[in-house]
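Subject: Structure handover

Dear colleague,

Here is the structure I said I would pass on. My notes follow below it.

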Amino acid sequence: MLTGFGLILGFLLVGEAVSNLLHLFVPGSIVGLLLLFGWLQIRAHIDIKAMQAIDTADLEPFTTPLLGNLGILFVPPGVGVVGFLDLFVERGAAILCVVTASTLLTMIVTALVFQMSQRLAKRHGWMQPRAGGPAAAIPGRAADALVASAEDRSLAK
Amino acid sequence: MTGSTTLGALLSIMPLFWLTATVCAWIVAGRIARASGFHPLANPVLISIAAIALLLTATGTTFEKYSADTQVIQVLIAPAVVAIAVPLFRNWQLVKANAFPIVAAIMLGCVTAVLSVLALSRAFGLPGRVAVSLAPKSATAGAAMSISHSVGGDVVMTAAFTVATSIIGAVALVSIMRLLRVRDETTIGFSAGLCAHAVGTARAFQIGPVAGTFAGIALCLNAVLTALIVPLLTRLFGVP
């Protein structure tokens, strides 16, 4: 587990450094994500001995429980929402209206665009054949790893 | 001295109390959610927040004190963003197969999320700094906070309303999809992850593994795209 933690922190650190040095708009954590994803892709495609170092098997003992309990990370900031609503009662209500309306609108637009473009892609044969039914293409382990997240298996046993 | 201030004084010398309370609230909330058959309102994040907020009020503890005592949890937000690379890598085949709907929905969805909040903030007469702080609300909290910081927003406000967005989206998800008569799991999941990131992704996994995987992909891509789009659109909109 600690190997995974160390590796993730390492990629985060490099991500932060790249983001700061190049003055990117993209935050360090996202740069770290892209670097780690890039590393895993390169490793999967190029067979060099030195590249075997970082593997998903090292990462998953840390990332699976972390992503599996993603929600708890948002409890302290969420408690902060309550404080904000107290501080500016009238403005807090307006902000909450803006956030709610925008969230619902975004959800509707996304769902409609995704559905329509998926139908379009299927009709024109743009979907890869092996993904005819998306369920069939899901690598079981990955799906399982995150399923635990929703149901909090690791903590709520 | 009233009972609550004595208790508050006692708790203030026990820095571990609030960390313990948060973890316990999370475990109990998870059980309640399961027992309710994952009812939309029995959201573990929502229940934990309500329980902690009540406890803070009852003991007269400030949010600053609570936030300082739970730093160890909050420190993990940035590593959690990096960790998303692992499921993204594992599901890469599925992402490639659905490349067209993913690209189309992420572009329009992300622009809708940012533009609608800027336009509505203006309509409601909210100050520019508030609008900028709300703009990245559909990116996952860690990313949203960094984005907000880079465009001069209030990071604490962004954190608070990013989480609010996540909870609102997760609670509304099933009702909205019924209204739109959408039954396809890839669509439901992608919509949940794009607009309601972490809590929405957790909700999508309750629907099924396909929905959850697509929520994770959307969460990931939207964090990157929001980081690129927010500085652009806030400038176009003329907010500082």
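What pLDDT does chain B average, and what share of the residues score at least 70? The model is a predicted one, and chain B averages a pLDDT of 87, with 97% of the residues at 70 or above. Within chain B, confidence is highest in helix α9 (residues 99–123), at 95, and lowest in α1(B), where the mean is 67. For the model, ipTM is 0.83 and pTM is 0.76.

Chain A

Chain A has seven helices and zero strands, so the pattern along its sequence reads α-α-α-α-α-α-α. The chain has 157 residues, and 49% of them are buried. Among the contacts in chain A with a separation of 6 or more, 43% are between residues 24 or more positions apart. The accessible surface of chain A is about 7700 Å², and carbon and sulfur atoms account for 67% of that surface.

The nonpolar core

The largest nonpolar core contains 112 residues. The members that touch the most other members are A:L73, B:L134, B:F161 and B:F190. Helix α14 (residues 209–236) of chain B gives the most to this core, with 15 residues. Leaving aside residues up to four places away in sequence, B:F190 touches A:T110 and A:F114 in chain A, and B:I102, B:A105, B:I106, B:F214, B:A215, B:I217 and B:A218 in chain B.

Salt bridges

Over all chains, the structure holds two salt bridges. One of them crosses between chains, from A:E60 in helix α3 (residues 56–68) of chain A to B:R90 in helix α7 (residues 85–90) of chain B. The N to O distance between the side chains of A:E60 and B:R90 is 2.6 Å. A:E60 counts as buried because its relative accessible area, 12%, is under 20%. B:R90 is partly exposed, at 21% relative accessibility.

The pair B:K65 and B:D69 also forms a salt bridge, and here the closest N and O atoms are 2.9 Å apart. Both residues are in helix α4 (residues 63–69) of chain B, and because they are four residues apart, about one helical turn separates them. B:D69 is buried, with 15% relative accessibility, whereas B:K65 is partly exposed, with a relative accessible area of 23%.

Other points in chain B

A nonpolar surface patch of about 380 Å² is formed by B:L7, B:L10, B:I13 and B:M14. Of these residues, B:L10 is located in helix α1 (residues 3–12) of chain B.

B:R181 is in the loop between α12 (155–179) and α13 of chain B. The phi angle of B:R181 is near 55 degrees, which is a positive value in a residue other than glycine. B:R181 is exposed, with a relative accessible area of 68%.

Helix α13 (residues 185–207) of chain B includes B:A202. B:A202 is partly exposed, at a relative accessible area of 25%. B:A202 and B:A33 are 169 residues apart along the chain, and their C-alpha atoms are separated by 12 Å.

Regards

Definitions and conventions
Residues numbered from 1 in each chain as written. Chains lettered and ligands numbered in written order. Predicted model: local features only at pLDDT ≥ 70, side-chain atom pairs only at ≥ 80, totals over all residues. Heavy atoms only, no water. Patch = residues over 30% accessible without salt bridge, like charges linked within 9 Å, V, L, I, M, F, W, Y side chains within 5 Å. Areas by Shrake-Rupley, 256 points an atom, 1.4 Å probe, with all protein chains shown as cover. Salt bridge = Lys/Arg side-chain N within 4 Å of Asp/Glu carboxyl O. Helix = DSSP H or I, 4+ residues; strand = E, 2+ residues; numbered from the N terminus. Core = buried A, V, L, I, M, F, W, Y, C linked by side-chain atoms within 4.5 Å. Buried < 20%, exposed > 50% of the residue type's maximum accessible area, 1.4 Å probe, protein only. Contact = heavy atoms within 4.5 Å. pLDDT = per-residue confidence, 0-100.
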